[in-house]
Amino acid sequence: MLEATLNFKLLEMCSKCGACFSICPSATHIPGYDPRAVIKDILAGTYEKWLSSAHIWQCLECHFCLEICYQHYGFENAMTALRTVAAKKGMHPPQVKRGWDMFIKTSRLGEPTLPARKKLGLPEPTASGADEFKKLHALLKDAREGHKTE
Ligand code: SF4
Ligand code: SF4
């Protein structure tokens, strides 16, 4: 399954490198967070245990690993691929589902706190674009369903 989304040749190189581990903020601050171990298990075909692990959701997608990577690949690709598999299997944390539902409904991941914005002298947020997003989402859904029945 992961072969379709990950470049195993680059991951092989990654497993021999480990250079970005020292600048990864999650690795620095979260005990047990170690994409090197995840990559090792992906390459060995024994990654299933990570699907239920909180660690795959702790990647900040800060792209530090991508930026310094001589392959321009990065730890984050492995973490993203596992999150995608976990989500497809319904193994994502409940707050991810809540975030998705909120995004579909409002096209935002959270509502701005108006009193806090006022206190900070920030202007009122612009309209969310939820209507346009809903239309786009419906079009994509139709296209996907049409594709399935072809
Ligand atoms: S993108 Fe994820 S894996 Fe890469 S440095 Fe940031 S937190 Fe670490
Ligand atoms: S992502 Fe790049 S820098 Fe980081 S360990 Fe892999 S090959 Fe090395």
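Author: Here is a look at helix α3 and the two helices described with it. This is a predicted model, in which local features need pLDDT of at least 70, side-chain atom pairs count only at pLDDT 80 or more, and totals for chains, interfaces and linings use all residues. Residues are numbered from 1 along each chain as its sequence is written, and chains are lettered from A and ligands numbered from 1 in the order in which they are written.

Let us begin with α3 (residues 35-44) and α6 (residues 75-88), whose axes lie 10 Å apart at an angle of about 65 degrees. Helices here are DSSP runs of H or I with at least four residues, numbered from the N terminus. Axes are lines fitted to C-alpha atoms over the stretch in contact, and angles run from 0 to 180 degrees between N-to-C directions. On the α3 side, the contact is made by Pro35, Val38, Ile39 and Ile42, and they meet Phe75, Ala78, Met79 and Leu82 of α6. Two residues are in contact if their C-beta atoms, placed from the backbone, lie within 7 Å. These residues divide into 8 nonpolar, no polar and no charged. Ala, Val, Leu, Ile, Met, Phe, Trp, Tyr, Cys and Pro count as nonpolar, Asp, Glu, Lys and Arg as charged, and the others, Gly among them, as polar.

Now turn to α1 (residues 8-17): its axis comes within 10 Å of that of α3, and the two cross at roughly 135 degrees. That makes α1 oblique to α3, because angles under 35 degrees count as roughly parallel, over 145 as roughly antiparallel, 65 to 115 as roughly perpendicular and the rest as oblique. Here Phe8, Leu11, Glu12, Cys14 and Ser15 of α1 touch Ile39, Lys40, Ile42 and Leu43 of α3. This contact has 6 nonpolar, 1 polar and 2 charged residues.
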